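Here is a friendly note for anyone opening this model for the very first time. Please keep the view beside you and follow the points in order.

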Amino acid sequence: MAYTIILGNKVYSSWSLRGWLLMRPFGIPFDQKVIELHSPDFARFRDETPPALTVPTLLSRDGSDTLTVWDSLSIAEFLHERHPEAGIWPADPAARAAARSLCAEMHSSYRPLRSTMPMNMRRQYRTFTPDVDAQADIARITLLWRWAKERWGGGGPYLFGGNFTAAEAFYAPVASRFRTYGVKLDDVSQAYADAVLAHPATAEFIDDAMRESWVSEKNEMDID
Ligand SMILES: N[C@@H](CCC(=O)N[C@@H](CS)C(=O)NCC(=O)O)C(=O)O
């Protein structure tokens, strides 16, 4: 079985960071193909990989069969089924249910945060103020982080202790946004966001992002 993960611009594509972090930290071997969002190459990817519409998309090749998995939550579950020993989800069933709830909420919510604070790994704004709806998202996310760390963290750097899990993969883009937009966090949330961004797999993605030259004006803000 051989995997290829298709990703968008690493500077901007928050969902691509999730896909990457569902594989790299867990030692799952894969090739990657990075495509510029909204480009002719992206249109070609859609034509050649039906019914995929968005990135990340995982191609799993087994002999002459290729399976297409085109959504981050599905990729998490698919890889967990294929590699149960990898620790993508916490081992404890109650912790696993909590981790899945956290990821599902990230997957389905926080539209104000996403739309007004797009991920941009290159920038660190000093003068940005989140609007009231984005503030509510930030309050909810940091409440969840503190809750999970207190209940399941056991003093480790991550939400479910010492091991990086899918929960970190799903919230890493939020940690990146908090850094980009200079969001002031409580101490627990700041330490957690720093730990997620410092993980070698996240750091590798950020290094790759810094080497990209693509610029998307709609993801750039005209402020300091
Ligand atoms: N529900 C999808 C969302 C993926 C998504 O929206 N990806 C964006 C890139 S960050 C995308 O492919 N956008 C291309 C487009 O909408 O044209 C997932 O969980 O993977």
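**Notes on the model**

1. In helix α1, the buried residues are Ser14, Ser16, Leu17, Arg18, Gly19, Trp20 and Leu21. Buried here means that 20 or more other C-beta atoms lie within 10 Å of the residue's own, exposed means 12 or fewer, and partly exposed is in between, with C-beta atoms placed from the backbone. Seven of the eight residues of α1 are buried, so the helix is largely enclosed by the rest of the structure. The buried residues of α1 pack against β1 (2–7), β3 (57–62), α3, α7 (166–180) and α9 (200–210). Helices (H or I, at least four residues) and strands (E, at least two) are DSSP runs, numbered from the N terminus.

2. A word on what you are looking at. This is a predicted model, in which local features need pLDDT of at least 70 and side-chain atom pairs count only at pLDDT 80 or more, while totals for chains, interfaces and linings use all residues. Residues are numbered from 1 along each chain as its sequence is written.

3. Now step back to the whole protein. Its secondary structure comes to nine helices and four strands, and along the sequence these follow the pattern β-α-β-α-β-β-α-α-α-α-α-α-α. A compact globule of 224 residues would have a radius of gyration near 17 Å, and the protein agrees, because its own value is 17 Å. That radius is taken over C-alpha atoms, and the globule rule is 2.2 Å times the number of residues to the power 0.38. Along the principal axes, the C-alpha atoms fill a box of roughly 50 × 45 × 25 Å. Buried residues make up 37% of the 224 residues.

4. Contacts deserve a look too. Two residues are in contact if their C-beta atoms, placed from the backbone, lie within 7 Å. Of the contacts with a separation of 6 or more, 69% are between residues 24 or more positions apart.

5. Which residues are closest to the ligand? They are Ser13, Trp15, Thr54, Val55 and Ser72, out of 13 residues that surround the ligand; a residue counts as near if its C-beta atom, placed from the backbone, lies within 6 Å. The elements giving two or more residues to this shell are α1 (14–21) and α3 (72–82). Helix α1 gives the most, with three residues. By class, the shell has five nonpolar, seven polar and one charged. In this scheme Ala, Val, Leu, Ile, Met, Phe, Trp, Tyr, Cys and Pro count as nonpolar, Asp, Glu, Lys and Arg as charged, and the others, Gly among them, as polar.

6. Follow α3 to its partner α4. The axes of α3 and α4 come within 10 Å and cross at roughly 155°, and the two helices are therefore roughly antiparallel to each other. Axes are lines fitted to C-alpha atoms, for helices over the stretch in contact, with angles from 0 to 180 degrees between N-to-C directions. Angles under 35 degrees count as roughly parallel, over 145 as roughly antiparallel, 65 to 115 as roughly perpendicular and the rest as oblique. Here Ser72, Leu73 and Ala76 of α3 meet Cys103, Ala104 and His107 of α4. This contact has four nonpolar, two polar and no charged residues.

7. Helix α4 (residues 93–108) also pairs with α6 (residues 132–153): their axes come within 12 Å and cross at roughly 170°. These two helices are therefore roughly antiparallel as well. Ala95, Ala98 and Leu102 of α4 make the contact with Leu144, Ala148 and Trp152 of α6. Its residues divide into six nonpolar, no polar and no charged.

8. Finally, some backbone details to check in the viewer. Most residues other than glycine have a negative phi, and most peptide bonds are trans. A cis peptide bond joins Pro50 and Pro51, with omega about 0°, and the bond from Val55 to Pro56 is cis too, with omega near 5°. Pro51 is in the loop between α2 (40–48) and β3, and Pro56 is also placed in the loop between α2 and β3. His38 has a positive phi of about 60°, and so does Tyr110, at about 65°. Are these two buried or exposed? His38 counts as exposed, with 12 C-beta neighbours inside 10 Å, whereas Tyr110 is buried, with 20 other C-beta atoms within 10 Å.
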